Amino acid sequence: MFEKLLLLVLGAVAAFLSLPIVFILNHAFKPFHELFLFPPTFLVRQPTLTNFYDLFLRSADSIVPFSRYLFNSIIVAAFTLTAVILSSSMAAYVLSKIRFGPKKIVMGGIMLALMFAPETVSIPRYLIISWLEINDTYFGHILPFIASPVAVFLIKQFIDQIPNDLLEAGKIDGASEFQVFIRIVAPLTMPALATVAIITFQGVWGDTQASTLFMQDETMKTLPYFVMSLTSGMANTVAGQGMAAAAGLLMFLPNLVLFLFAQKRIMETMVHSGVK
Amino acid sequence: MKPELARTHTSTLKAGAQPVRALKRIWNERMAYLFMMPFLISFIAFILIPVIMGILMSFTSFDAFRFPEFVGFQNYIALLTQDTVFMKYAIPNTLKFAFFVGPIGYLLSFGVAWLIYQLPKDARDIITLAFYAPSMAGAVALTVVWQAAFSGDYVGYLNNYLLQLGLIETPVLWLQDPKFLLHIMIIVTVWMGFGVGFLALLAGFDTVNKELYEAGKIDGISNRLQEVFYITVPSMKPQMLFSAVMAIVGTLKAGAISTQLTGLAITPQYAGHLVLNHIDDYAFIRFELGYASMVSVVLLVISYIAMKLSYRLFGSKDGE
């Protein structure tokens, strides 16, 4: 009885909280006249692909076509993901299983940096990016994201669970440190890697800081920046709203798909997320 | 400490060979250094150095063109004595915003996670997804939704429903009226706040030893609330700490929400002005980078204190 009631109440709350998602899903498919109907409608009546058509084709005439932002986003996300997973898992392996002199200091730094929000040091970051002369390059999008304390922490916690005997056995069989890492540690750490991939993807895919600060060239900016530019002056731009909804939906979908694929693994990783 | 896996041993060289020994140790651990390299380099370049630079710059007057000029604590003194916008708006707004988004949002996450955990297993995933989805979509994508919902004219969704219900007589300018903006920022941020920390809490319930509940019953725990307080919370403190740290980051990052909602860098009458907006104002509008860095440092110190507090609350006694 308690369970049924609880399910009902939680279900209702959950449904209410996912209204924005339902809304954006409907809004993106509304034809022009439905977007500004009075009284406003929540659900779409005659779904159309006009907004997506506008997004991809009509904006092709503008200075920077939508497809360019999308392309940039995909490139940046793909490279950042790969880089974060590689660098974080390698660092996590060392911190968990290998003798390493300054381990205590590095670990302390990571624990402190868990609360790091890049927004707080945007000025020095901007200066560093300028000195490295990676403004208006993909490096400017990717490099600042590679250091991900949360990723290292989550993977390290997960590797801690792998028994040392297993790694020893590998070494006795003549595997090098690198082979142990690739053949034994990496496969066993898959759930954590999947989790980190998703968290990183969400961060990068939705990031506007790099585009606003480090990229002056419009052709190097990414999808969220484009969505932001559509919404920032939206109160008046009638045509923008449908396009913004369509673009917003395109931003949300990859996240959703990835999460659905990995939900089980994420929960598995989160079991080990405790800070002791 | 766990036993470490390494075939290497520090060589037992005689005294007087300290640097040699240190180098030798590093050489022996060369694989570890190699593995750490990519992470460490980018950690130093994009986290450590920026923080140090921020601290150094906070003691200067710097306009991005001329070389920064050392001014000692002048920026800090100006903040405390002259910056009325900071004192009158940024601080009170941020305290209120952070209180609801931080601790209250955290308690909500915990409560919801606990309730979800009481559900049968097959229902959990879908309900979790519904709570997590807004955070997953992200603030940028959902700006479209919030702007349409809180639009100040008759076609705004909230206005329209309230008008139909007869609760208001004329449309309310939700995002422009200083009375409402901060509240809407809080609601929206809490709405999108069921993120990684929430997932960690949910998973944390699985780490609690089930036998403890049985033992608790024998020891006289009579209701669920006592169970949560005496068994669940102490058992999953590590998860609660991780989640608390994530809540702090989330609150810090959420500072941009006022700009996203209103499309303005500075909100009308500073109604939604948070410390993060104050930094952006001085950094990218007034180009007083030294002063902006000083505000950043203050913000970092505040969040550091919040983290220390979380460790006090949830940290294990021996660690830290």
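Predicted model: local features only at pLDDT ≥ 70, side-chain atom pairs only at ≥ 80, totals over all residues.
Biologist: Which residues of helix 14 of chain A are buried?

Modeller: They are A:Leu223, A:Pro224, A:Tyr225, A:Phe226, A:Val227, A:Leu230 and A:Thr231.

Biologist: Why are they called buried?

Modeller: Buried means under 20% relative accessible area, so each of them falls under that cut-off. Across chain A, buried residues make up 58% of the 276 residues.

Biologist: How many helices and strands does chain A have?

Modeller: Chain A has 15 helices and 0 strands. Its C-alpha trace spans about 70 × 65 × 35 Å along the principal axes.

Biologist: How do you know which parts of chain A count as domains?

Modeller: The bounds come from an automatic or database domain assignment. That gives domain 1 (2-48) and domain 2 (63-274). Their centres, taken over C-alpha atoms, are separated by 31 Å.

Biologist: What puts domain 1 of chain A in contact with domain 2 of chain A?

Modeller: Contact means heavy atoms within 4.5 Å. By that cut-off, 9 residues of domain 1 of chain A are in contact with 9 residues of domain 2 of chain A. The area buried between these domains is about 790 Å², with 83% from carbon and sulfur atoms. A:Ile24, A:Ala28 and A:Phe36 supply 49% of the area that domain 1 buries against domain 2, more than any other three residues.

Biologist: What about chain B, and where do its domains lie?

Modeller: Chain B is divided into domain 1 (3-57) and domain 2 (84-314). Their centres are 38 Å apart, taken over C-alpha atoms. Here 4 residues of domain 1 of chain B are in contact with 5 residues of domain 2 of chain B. About 310 Å² is buried between these two domains, and carbon and sulfur atoms give 75% of that area.

Biologist: How do you know that chain A and chain B are in contact, and how many residues take part?

Modeller: Heavy atoms within 4.5 Å make a contact. On that basis, 110 residues of chain A are in contact with 99 residues of chain B. The two chains bury about 9,000 Å² between them, 76% of it on carbon and sulfur atoms. In chain A, the residues that lose the most area to chain B are A:Arg99, A:Met115 and A:Ile123, together 9% of what that side buries.

Key. Residues numbered from 1 in each chain as written. Chains lettered and ligands numbered in written order. Heavy atoms only, no water. Helix = DSSP H or I, 4+ residues; strand = E, 2+ residues; numbered from the N terminus. Buried < 20%, exposed > 50% of the residue type's maximum accessible area, 1.4 Å probe, protein only. Buried area = accessible area lost by both parts, 1.4 Å probe.
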